[in-house]
Amino acid sequence: LRLPGEQVDFVNNISAQYQDRVRMANFHVPMFPACFDNPSDVDMAADAVKYWGPLFEKNNFASVFEHHKHLYKKTYPIKDRHPNFENDDGVVYFGDGNWGISADSCLKNGQTNGNYTGAIEVYSDINHVWILEINPENLTYFAINPAGKIFDKKYNLTVSKYIN
């Protein structure tokens with residue numbers, strides 16, 4: 001994965017154009033997967049952390065929704081490529097796309113733990129969908145299971161921290 005100039009320019013330009021808006025992204029192959037079951041996933045995640053992570057941080061993104069692994073996951077806020085345990089400064093990564101499909105078997109098969117950075121706050125093989133409520137003061141994220149029950153506590157980010 002190498003960032004083509006057009007993609008970098010697009011993210012930088014659209015972020016500059018909409019500084020009064022909270023920025024979020026959808027990203028397919030997770031930068032911070034719950035587990036690895038393919039050696040190429042390790043390389044793809046490392047490249048994404050190296051190239052995309054700083055771009056999201058530079059442009060003050062609040063969150064990134066990741067997919068592909070079909071697992072439930074939430075990271076601590078990531079700042080300067082490291083988890084921020086002290087406060088909510090940084091980008092939070094939600095994922096990994098596990099609604100209406102069987103969970104990735106890598107957790108059950110004892111594959112390499114994707115939490116080698118310590119960035120992941122919680123992860124499991126629970127089917128879920130992330131819900132995001134947006135109001136002028138807060139972004140509130142919570143996960144629900146197929147029965148419609150909230151199983152992850154609400155996670156709040158302050159909107160003003162993400163508007164330049």
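Of the 164 residues in the protein, 43% are buried. The model is predicted. Two helices and ten strands make up its secondary structure. Along the sequence, these elements follow the pattern α-β-α-β-β-β-β-β-β-β-β-β. The radius of gyration is 15 Å, close to the 15 Å that the globule rule gives for 164 residues, so the protein is as compact as a globular protein of that length. Taken along the principal axes, the box filled by the C-alpha atoms is roughly 45 × 35 × 30 Å.

Strands E8, E9 and E10 form an open sheet. Their order is E8-E9-E10, and the pairing is antiparallel. The edges are held by strand E8 (129-134) and strand E10 (155-158). Each has a single partner strand, so one side of each is left without a neighbour in the sheet. Neighbouring strands of this sheet are turned by 20° against each other on average, direction ignored. Strand E9 (residues 138-144) is joined to E10 by four bridges, and the two run antiparallel. Tyr141 stands opposite Tyr155 in E10.

The empty space of the model was examined next. Rolling a probe the size of a water molecule over the atoms shows where such space is left. The largest pocket has a volume of about 200 Å³. Its lining consists of Phe10, Val11, Ile14, Ser15, Tyr18, Arg21, Val22, Arg23, Met24, Ala25 and Phe61. Helix H1 (5-17) and strand E1 (23-27) are the elements that give two or more residues to this lining. H1 gives the most, with four residues. By class, the pocket lining divides into eight nonpolar residues, one polar and two charged.

Across the whole structure, one cavity of 30 Å³ or more is found. The largest cavity holds about 30 Å³ of space. Met31, Phe32, Val49, Gly53, Pro54, Glu57, Ile78, Arg81 and Tyr93 line this cavity. Helix H2 (residues 39-58) gives the most to the cavity lining, with four residues. Six residues of the cavity lining are nonpolar, one is polar and two are charged.

Methods:
Residues are numbered from 1 along each chain as its sequence is written. This is a predicted model: local features need pLDDT of at least 70, side-chain atom pairs count only at pLDDT 80 or more; totals for chains, interfaces and linings use all residues. Side-chain values use heavy atoms; hydrogens and water are left out. On a 1 Å grid over the protein atoms alone, a cavity is a set of points where a 1.4 Å probe fits but cannot get out, and a pocket is an open set with protein on both sides within 12 Å along at least five of seven lines; lining residues have an atom within 4 Å of a point. Grid points are joined across faces, edges and corners, and a volume is the space filled by probe spheres set on the points. Ala, Val, Leu, Ile, Met, Phe, Trp, Tyr, Cys and Pro count as nonpolar, Asp, Glu, Lys and Arg as charged, and the others, Gly among them, as polar. Two strands pair if DSSP finds at least two bridges between them. Axes are lines fitted to C-alpha atoms, for helices over the stretch in contact, and angles run from 0 to 180 degrees between N-to-C directions. The radius of gyration is taken over C-alpha atoms; the globule rule is 2.2 Å times the number of residues to the power 0.38. Buried means under 20% relative accessible area, exposed over 50%, partly exposed in between (1.4 Å probe, protein chains only).
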